[in-house]
Amino acid sequence: MIIGNREFDLKNHTYVMGILNVTPDSFSDGGKFNRMDQALFHVQEMLDQGMDILDIGGESTRPGYQPLPVQEEIERVLPVIEEVKKRFQVPISLDTCKGEVARVGILAGADLINDIWGLKYDDSLAQVLGDAQVPCVLMHNRKEAVYESFMKDVISDLGESIAIAHRAGISDEKIILDPGVGFGKTREHNLEIIGRLEQLKTLGYPLLLGTSRKSVIGLTLDLPVNERLEGTLVTTVFGVMKGCGIVRVHDVKENVRAVKMTEAIREASGEVCNGFY
């Protein structure tokens, strides 16, 4: 898959997406990078640590978040996208579920749109993506964690997102799926879907895994958000072993090392990256 100026072999390698939240209220790093100098310094830091893709978000999606007005979200992310594009050679992902934010972001240089609602929040987003022909991440999400058959329902929901994408002219080569850890799921659901990621690969698309510092780790280990690195690294190893093409993380250096080590063991043992549990 081509993302920005780079080709990604999402079938055979796991890439690291670094998180840049330009928000005052994100659950983990709210307020740390919403000044331009802080944001740009952190981008350079993550690049030095081995980041492959930069994910910029202007709206917090922490539990209980209030949706941000479109213009305010644009005012947060647009200057950062423009400055990063001027200074760095890194593919940019824009984390938004709003069509107008995506449209403006793509014009400013965003190379990928990362939608936490899988094209089900704003009807205009799918057409924006279809017209621009940029890749997209379609994440699984529900308003409530109510399921008849959890994994079957997740696969069905993602199938609906894929169908919306197809109707808008988004080709299969532009689609990445995200299981949506931490969104519309209980702790038990989150643990289950991480352990069964290979079932989602039956849909035929690359997977992105985003578990960094999330509540499933905090609840399992009884740890605050700033002490969840080790738990995150375990999920990254699972992601590599289950064949995820991208992991989305806050702590780039440590996760890059975990990916490299896991891939080295997998390759030396002759295993394939489609899950073997």
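Predicted model: local features only at pLDDT ≥ 70, side-chain atom pairs only at ≥ 80, totals over all residues.
Visitor: At 48% relative accessibility, how does Glu188 count?

Guide: Glu188 counts as partly exposed, because its relative accessibility is 48%. Residues are numbered from 1 along each chain as its sequence is written, and side-chain values use heavy atoms, with hydrogens and water left out.

Visitor: Which side chain meets Glu188 in a salt bridge?

Guide: Start with the idea. Side chains of opposite charge can pair when their charged atoms come close. The cut-off used here is a side-chain nitrogen of Lys or Arg within 4 Å of a carboxyl oxygen of Asp or Glu. Glu188 pairs with Arg187, at 3.2 Å from N to O. Arg187 is partly exposed too, with a relative accessible area of 30%.

Visitor: How many salt bridges does the rule count?

Guide: The count comes to 17. One of them joins Lys98 and Glu73, whose closest N and O atoms are 2.6 Å apart. This pair links distant parts of the chain, 25 residues apart. Lys98 sits in the loop between strand S5 (92-95) and H3, and Glu73 in helix H2 (residues 70-87). Helices (H or I, at least four residues) and strands (E, at least two) are DSSP runs, numbered from the N terminus. Lys98 is buried at 4% relative accessible area. Glu73 is buried as well, at 0%.

Visitor: Which side chain does Asp157 meet in a salt bridge?

Guide: Asp157 meets Arg142, with 2.7 Å from N to O. Again the pair links distant parts of the chain: Asp157 is in helix H5, Arg142 in the loop between S7 and H5, and 15 residues separate them. Asp157 is buried, at 8% relative accessible area. Arg142 counts as partly exposed, at 24% relative accessibility. There is also a network of salt bridges, which links Asp55, Asp95 and Arg248.

Visitor: How many aromatic pairs does a search of the whole structure find?

Guide: A pair of aromatic rings is described by the distance of the centres and the angle of the planes. Rings of Phe, Tyr and Trp (its six-membered ring) pair if their centres lie within 6.5 Å; planes under 30 degrees apart are stacked, over 60 edge-to-face, and the rest tilted. The search finds two pairs. Phe8 and Tyr15 have ring centres 4.8 Å apart and planes at 75°, so they are edge-to-face. Phe8 is buried at 2% relative accessible area, and Tyr15 is buried at 7%. Tyr147 and Phe150 have centres 4.9 Å apart and planes at 85°, so this pair is edge-to-face. Tyr147 and Phe150 are buried.

Visitor: Which residues touch the most other members of the largest nonpolar core?

Guide: In soluble globular proteins, nonpolar side chains tend to be buried together. Here a core is a set of buried Ala, Val, Leu, Ile, Met, Phe, Trp, Tyr and Cys residues joined through side-chain atoms within 4.5 Å. The largest has 63 residues, and Leu20, Leu54, Ile56, Val84, Leu119 and Leu129 touch the most other members. H5 gives the most to this core, with seven residues. A second, separate core has eleven residues, among them Ile3, Tyr15, Met17 and Leu208.

Visitor: What does Leu129 touch, beyond residues up to four places away in sequence?

Guide: Contact means heavy atoms within 4.5 Å. Leu129 touches Ile106, Ile113, Leu119, Val134, Cys136 and Ile170. Now look at its helix. An α-helix has 3.6 residues a turn, so residues three or four places apart point the same way. In H4, Leu125, Ala126, Val128, Leu129 and Gly130 are buried. Their cover includes helix H3 (99-108), S6, strand S7 (136-139) and helix H5 (150-167).

Visitor: Where is Leu119 found?

Guide: Leu119 is in the loop between strand S6 (112-115) and helix H4 (123-132). Check its backbone: phi is positive, about 70°, although Leu119 is not a glycine. Leu119 counts as buried, at 3% relative accessibility. Arg213 has a positive phi of about 60° and is not a glycine either. Arg213 lies in the loop between strand S9 (208-209) and helix H8 (215-221). At 17% relative accessibility, Arg213 counts as buried.

Terms used
Buried < 20%, exposed > 50% of the residue type's maximum accessible area, 1.4 Å probe, protein only.
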